[in-house]
Amino acid sequence: MKIMNFSEAKSLIAFFSRAGNNYVSGKIVNLPVGNTEAAANMIQEITKGDLFHINAVNEYPEDYTETTEVAQKELRANARPELTDHLASMASYDMIFLGYPNWWGTMPMPVFTFLEEYDFSGKIIALFCTHEGSGLGRSEGDIRKLCPKATLLKGLAIHGTHVKDVKKDITAWLDKISAAF
Ligand SMILES: Cc1cc2nc3c(=O)[nH]c(=O)nc-3n(C[C@H](O)[C@H](O)[C@H](O)COP(=O)(O)O)c2cc1C
């Protein structure tokens with residue numbers, strides 16, 4: 001299937017990202033735009049896909065440590081936090097770029113909710129994950145379990161601290177994806 005040139009494919013860039021206090025190179029810094037959102041915006045500029053921000057109804061605390069505690073509880077409980085927004089339809093998309101930060105070794109639980117909400121059969125999923133050292137963690141395996149009938153491409157791990165400098169890496173990753181089809 002020749003789908004890239006990305007303008008030929010209808011693509012969705014769905015991402016979770018938390019603005020606010022974050023740990024950057026050993027310091028707490030207030031980020032007005034989360035790292036994953038910054039990466040999602042770069043992907044959108046190139047692919048011209050539709051952006052969808054995955055947000056939980058119960059917002060995460062602005063405080064970093066409090067967020068890590070809430071996130072750990074949700075992970076242990078295998079929670080499915082309720083989402084604020086829903087797509088009218090997933091059917092029209094061929095390609096889904098799925099972005100999230102690495103939280104405790106996998107995706108934030110709202111991304112699990114998102115993946116269970118829609119039918120990804122026959123879709124191509126390209127994942128990108130921002131992190132502070134653990135890369136993709138267990139997330140690829142978790143996505144595979146949640147979307148067994150989707151084709152999962154090799155994901156891109158992005159060091160969150162350096163997200164402003166990764167446009168080249170993102171372009172190279174998108175070029176590789178486009179060459180594969
Ligand atoms: C709750 C929480 C848990 C995290 N767990 C990890 C982790 O296990 N491994 C890691 O490398 N980074 C971890 N991080 C760092 C984030 O993955 C990193 O800062 C990411 O770029 C944040 O993306 P965002 O700004 O889009 O939310 C964690 C951050 C938070 C808030």
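In the predicted model, asparagine 102 is located in the loop that runs between strand 5 (95–101) and helix 3 (109–117). Asparagine 102 has a relative accessible area of 14% and is therefore classed as buried, the cut-off being under 20%. Its side chain reaches the backbone nitrogen of glycine 105 at 2.8 Å. When neighbours within four places in sequence are left aside, asparagine 102 is in contact with Cys129, Thr130, His131, Ser134, Gly135, Leu136 and Gly137.

The largest nonpolar core contains 32 residues, of which Leu12, Met90, Leu98, Phe114, Leu115, Phe120 and Ile143 touch the most other members. At least two residues of this core are supplied by each of strand 1 (11–15), strand 5, helix 3 and strand 6 (124–131). Helix 3 gives the largest share, five residues. Residues up to four places away in sequence not being counted, phenylalanine 114 touches Leu12, Ala14, Phe52, Ile54, Leu83, Leu87, Met90, Leu98 and Phe120. Another core, of 20 residues, lies apart from this one and includes Met95, Leu156, Val163 and Leu174.

Eight aromatic pairs are present in the structure. One of them, formed by phenylalanine 16 and tyrosine 60, is edge-to-face, with 5.9 Å centre to centre and 85° between the planes. Phenylalanine 16 belongs to the loop between strand 1 and strand 2 (20–24), and tyrosine 60 to the loop between strand 4 (50–53) and helix 2 (64–76), so the pair ties together parts 44 residues apart in sequence. Both phenylalanine 16 and tyrosine 60 are buried. Phe52, Phe114, Tyr118 and Phe120 make up one aromatic cluster.

Key. Residues are numbered from 1 along each chain as its sequence is written. This is a predicted model: local features need pLDDT of at least 70, side-chain atom pairs count only at pLDDT 80 or more; totals for chains, interfaces and linings use all residues. Side-chain values use heavy atoms; hydrogens and water are left out. Helices (H or I, at least four residues) and strands (E, at least two) are DSSP runs, numbered from the N terminus. Buried means under 20% relative accessible area, exposed over 50%, partly exposed in between (1.4 Å probe, protein chains only). A polar contact is a pair of N or O atoms within 3.5 Å; within protein, one must be able to donate a hydrogen and the other to accept it, and residues adjacent in sequence count only if both atoms are side-chain atoms. Contact means heavy atoms within 4.5 Å. A nonpolar core is a set of buried Ala, Val, Leu, Ile, Met, Phe, Trp, Tyr and Cys residues joined through side-chain atoms within 4.5 Å. Rings of Phe, Tyr and Trp (its six-membered ring) pair if their centres lie within 6.5 Å; planes under 30 degrees apart count as stacked, over 60 as edge-to-face and the rest as tilted.
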